[in-house]
Amino acid sequence: MQHIKYMPYVLCICIFFSLTFLSIISNEAYHFINLKDTENTTITKNDTVNAVKEHTTIRHLEFDKVFNKYVEKHNKIIDKLLKPSNESNLLELPKVIVAQPDMNTGYGNRLVGVVCGFLYSLITDRLFFIDGYSNFENYYEKDFEHDWKIIEYLYQNSSSRYLHDNNDYNDFPLVARGNLSDEKTDILYVHTWDYSCAPIMSNPHYKNWFDKIIPDYNVFSAVSLKLLRLHPQISQKVETFANNNFNDHIIGIHYREKKSPHDMVIPIEHYVNVVRMLLVEAQNTNVTLFVAADNNNGLKKLVDSLHEAINSNSNDSSVKIFHSQDDLDAKNSVSWNTGTEVGALIDIKLLSLCDDLVITYGSSFGFLAAAWSEKASRRRGPFIVMPIKNSIEDLLAADKVWVWGASTSEPCMYLSKWLMNNEDKETVKAFKTNPLWMHYSQCHWPHNY
Ligand SMILES: Nc1nc2c(ncn2[C@@H]2O[C@H](COP(=O)(O)OP(=O)(O)O)[C@@H](O)[C@H]2O)c(=O)[nH]1
Ligand SMILES: [Mg+2]
């Protein structure tokens, strides 16, 4: 009888130890899954350290599941749509989002709308198509058929409207606070040069979705890393360059010289200074500088200035400088810009591998590199060098900023200044519930500046 008295205590102790044991086991298993997903290689001690540092992709596992499910669904429906005679007739055509990228523009303006369109299609359960991205499959891997041209004929009698039509029309009230899923129109076109879907992240109807699926709010990164994976031949070039040249710590610099309006200038020494600041922090690591620019002469000027700064400081002798291989003065055959299509993709992707980025205000190219990156979640946002008036005033005045560090790697939304100035109070209020609204808004000139 005596020992029965102690039974509850014994039981408690047993339960405590079992729970502790279980929690250790499940934690180990969790780490193991994370490491495998992150690195996808045999795990050694060093890999463990690296994988713990590189926790980024883990946070998008939920999104990856959503993406894979979407691909499966899309392929099934497309099969039925294109072979209706073999399948039970679909009663009605599925509602669609059609992204219309402007091929004349650069990547920073072209890809944001594609990512926005896909995001809308996921959260509203519409099918996603791209209208007019010539030879998409020459540049990216394609998991599902999204060429609008092959399906468009079925939608001849369908209703349609623009959700975004560049700077002329944007349904921001619907995007920021409406229920997009209730929209009756069959075809919603997304034609934009801007990351104009940013307000959807504040929309009360979709907040739970974002909290669950992309909780770190690196939305562009989550979507683009699945939807826009480079063609193996191009990614091979990126990898070879990175493997041959990149060291422990990489600082990427994008110098966009040819864009400043109103006679503003972008002092090259400001880029060099930011790099010098970062080098102080990166002491005792082997540092690589990767430099990209929008023209050959600008690239040379920047590389020379960096060499000069580094050579004058003997502590930095281990720093190596590499630069873009593209002929930046060649006329681009697809867009209004210079350089080649593939060269630009390689530069963006090499920049995206950098641990720190120093980019140019008002240029979406650098923001694209920051966002379209495995490192978007763990790296602090890019440093942004400001154009200034070519005068002493701008170097002395307190309200002139020369460089600032962005709080996130998300792209910029240049239309947000327009939104805040012109939309109704409720829409502005909804937009500002997004903790990133300042980031989206302050990284670019207003569109009509
Ligand atoms: N290869 C290469 N091309 C660049 C670079 N900077 C600009 N370009 C070209 O110019 C275009 C600039 O357009 P975009 O990406 O929209 O950036 P933004 O115009 O600066 O906002 C790019 O898409 C490239 O075609 C660079 O550093 N390297
Ligand atoms: Mg552009």
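This is a predicted model: local features need pLDDT of at least 70, side-chain atom pairs count only at pLDDT 80 or more; totals for chains, interfaces and linings use all residues.
What is the handedness of the crossing of H10 and H13? The crossing is right-handed.

Helix H10 covers residues 232-245, and helix H13 covers residues 341-352. Their axes come within 10 Å and cross at roughly 50 degrees. H10 and H13 are therefore oblique to each other. From H10, the contact is made by Ile234, Lys237, Val238, Phe241 and Ala242. From H13 come Val342, Leu345, Ile346, Lys349 and Leu350. Sorted by class, the residues of this contact are eight nonpolar, no polar and two charged.

Stay with H13 for a moment. It has 12 residues, which should span 16 Å at 1.5 Å a residue. The C-alpha atoms at its ends are 17 Å apart, which agrees. H13 is also mostly covered, with 10 of its 12 residues buried. The buried residues run through Gly343, Ala344, Leu345, Ile346, Asp347, Ile348, Lys349, Leu350, Leu351 and Ser352.

Now step back to the whole chain. The protein holds 18 helices and 11 strands. It has 449 residues, of which 38% count as buried. Consider the contacts with a separation of 6 or more: residues 24 or more positions apart account for 76% of them.

Helix H14 comes next, at residues 364-371. How many of its eight residues are buried? Eight of the eight are, and the helix is mostly covered. They are Ser364, Phe365, Gly366, Phe367, Leu368, Ala369, Ala370 and Ala371. Both helices and strands supply the cover. It includes helix H5 (107-124), helix H9 (219-227) and H13. It also includes strand E6 (249-255) and strand E9 (356-360).

Val115, Phe118 and Leu119 of H5 make the contact with Val219, Phe220, Val223, Ser224 and Leu227 of H9. By class, this contact has seven nonpolar, one polar and no charged residues.

Asp125 lies in the loop between H5 and strand E2 (127-130). Its phi is positive, about 60 degrees, although Asp125 is not a glycine. Is Asp125 buried or exposed? Asp125 is exposed, because it has 11 other C-beta atoms within 10 Å and 12 or fewer is the cut-off. Tyr217 lies in the loop between helix H8 (207-213) and H9. Tyr217 is a residue other than glycine as well, and its phi is a positive value near 60 degrees. With 17 C-beta neighbours inside 10 Å, Tyr217 counts as partly exposed.

Helix H11 spans residues 268-281, and helix H12 spans residues 296-311. Their axes come within 10 Å and cross at roughly 45 degrees. That makes H11 oblique to H12. H11 passes H12 in a right-handed crossing. On the H11 side, the residues are Ile268, Glu269, Tyr271, Val272, Val275 and Arg276. They meet Lys301, Leu302, Ser305, Leu306 and Ala309 in H12. The class count for this contact is seven nonpolar, one polar and three charged residues.

End with a strand residue. Leu163 has its place in strand E3, residues 160-165. Why does Leu163 count as buried? Leu163 has 25 C-beta neighbours inside 10 Å, and 20 or more are needed for that class. Leaving out residues up to four places away in sequence, Leu163 touches Asp171, Leu188, Tyr189 and Val190. Leu174 is 11 residues away from Leu163 along the chain, and their C-alpha atoms are separated by 8.6 Å.

Note on methods:
Residues are numbered from 1 along each chain as its sequence is written. Chains are lettered from A and ligands numbered from 1 in the order in which they are written. Axes are lines fitted to C-alpha atoms, for helices over the stretch in contact, and angles run from 0 to 180 degrees between N-to-C directions. Helices (H or I, at least four residues) and strands (E, at least two) are DSSP runs, numbered from the N terminus. Angles under 35 degrees count as roughly parallel, over 145 as roughly antiparallel, 65 to 115 as roughly perpendicular and the rest as oblique. A crossing is left-handed if the near helix is turned anticlockwise from the far one by less than a right angle, and right-handed if clockwise. Two residues are in contact if their C-beta atoms, placed from the backbone, lie within 7 Å. Ala, Val, Leu, Ile, Met, Phe, Trp, Tyr, Cys and Pro count as nonpolar, Asp, Glu, Lys and Arg as charged, and the others, Gly among them, as polar. The expected span of a helix is 1.5 Å times one less than its number of residues.
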